[in-house]
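Take a look at the fold before reading on.

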Amino acid sequence: MRVLAYGTSADAQDEYLRISETVTRDALTNFVAGVISCFGQEYLRKPNEDDLARLLHVGKERGFPGMIGSIDCMHWQWKNCPSAWVGQYAGRSGKPTIVLEVVASYDLWIWHEFFRTPGSCNDINVLDRSPLFDDVLSGRAPNVSYTVNDRDYNMAYYLTDGIYPSWAAFVKSITSPQLQKHKLFAKQQEAVRKDVERAFGVLQARFAFLRHPCLVWDKEMMGKVMKACIIIHNMIIEDERDTYLHYYDPSEFLNSSTEDDEHAQFSMERIADLSRYMTNRAQLRNRETHNALKNDLIEHVWQSRSTDE
């Protein structure tokens, strides 16, 4: 924990704990493996029905019905990258890095992590390799229904920055908005999307090992360390969630969601054949649905402000 929390090197533990560098490395390896084995299934899970209902409720309260989180990427510098791989892993900074893709919600809980892509790739390249939408494409994802501006939609979405493609599962901001309603939407979308940026900041603040260039030689070990830190981060989030200023008690909406709200419906249908897979893929990447949803959200945000005034 001292190595992860304070970012100290393995041989530095000899001065304080009187253990050698080799023992420290072995202890770190076993600790990381134990955290993933014991707590990974619970604290790095996909949203279940209760989680999804809570995320949809919070998204609606924040002005984005159907939103279940924000997605973005972070680079972690690999100081001990083998010389033969430097060109492949060097990003914009010219230093070798590995990209972490996460989905974070309003309370900074990280629901998805994908850490293995070389730093020379951008966010779109990472998305193409990521398993984020595997359940959607195979038909195993819960079916979510919600209404925006009197129009029905059946796919939850993430808030993203401008580099991501115009898919039905993404809602981006507006570059250089001119109209007042566009300026309001861009301001609110960028404010809510900061959840994932805050999650990165809190993760690095809690674990200095992730904030400094990684001294690990093994890429697989780097991935295990990253996963263990995210699991511990989510454990802290769960322990402190009820102390947050904007705390949402699940009992306030889970019991009444099936009676009063019709925006959250769930189904678990498995893929039948390749044609179904291609249909799901076309729906996921539908640009027309993306544009329609974005325009409806712009109107929804504008009307919400008029109602509040």
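What follows covers the sheet, the helices on it, a helix pair and the cavities.

This is a predicted model. Start with the sheet. Five strands form an open sheet in the order S3-S2-S1-S6-S7. The pairing is mixed. Strand S3 (110-118) and strand S7 (170-171) stand at the edges. Each has a single partner strand, so one side of each has no neighbour in the sheet.

Now look at S1 and S2. Strand S2 covers residues 97-104 and runs antiparallel to S1. Eight bridges join the two strands. Follow one of them: Gln 77 has Thr 97 in S2 as its bridge partner.

Two helices to consider next pack on this sheet. H4 touches S1 and S3. The direction of H4 makes about 100° with that of S1. Helix H10 (residues 219-240) also packs on the sheet, touching S1, S2 and S3. The direction of H10 makes about 165° with that of S3.

H10 also meets another helix. How do H8 and H10 cross? The axes of helix H8 (residues 180-206) and H10 come within 10 Å and cross at roughly 105°. Angles of 65 to 115 degrees count as roughly perpendicular, and H8 and H10 are therefore roughly perpendicular to each other. From H8, the contact uses Val 202, Leu 203 and Arg 206. From H10 come Met 226, Cys 229, Ile 230, His 233, Ile 236, Ile 237 and Glu 240. By class, the residues of this contact are seven nonpolar, one polar and two charged.

The model has two cavities of 30 Å³ or more. The largest cavity holds about 50 Å³ of space. Which elements each supply at least two residues of its lining? They are helix H4 (49-61) and strand S1 (67-77). The lining includes Leu 55, Val 58 and Gly 59, along with Met 67, Ile 68 and Gly 69. Arg 62, Ser 105, Tyr 106 and Asp 195 are also among the lining residues. By class, the lining has five nonpolar, three polar and two charged residues.

Note on methods
Residues are numbered from 1 along each chain as its sequence is written. This is a predicted model: local features need pLDDT of at least 70, side-chain atom pairs count only at pLDDT 80 or more; totals for chains, interfaces and linings use all residues. Side-chain values use heavy atoms; hydrogens and water are left out. On a 1 Å grid over the protein atoms alone, a cavity is a set of points where a 1.4 Å probe fits but cannot get out, and a pocket is an open set with protein on both sides within 12 Å along at least five of seven lines; lining residues have an atom within 4 Å of a point. Grid points are joined across faces, edges and corners, and a volume is the space filled by probe spheres set on the points. Helices (H or I, at least four residues) and strands (E, at least two) are DSSP runs, numbered from the N terminus. Ala, Val, Leu, Ile, Met, Phe, Trp, Tyr, Cys and Pro count as nonpolar, Asp, Glu, Lys and Arg as charged, and the others, Gly among them, as polar. Two strands pair if DSSP finds at least two bridges between them. Contact means heavy atoms within 4.5 Å. Axes are lines fitted to C-alpha atoms, for helices over the stretch in contact, and angles run from 0 to 180 degrees between N-to-C directions. Angles under 35 degrees count as roughly parallel, over 145 as roughly antiparallel, 65 to 115 as roughly perpendicular and the rest as oblique.
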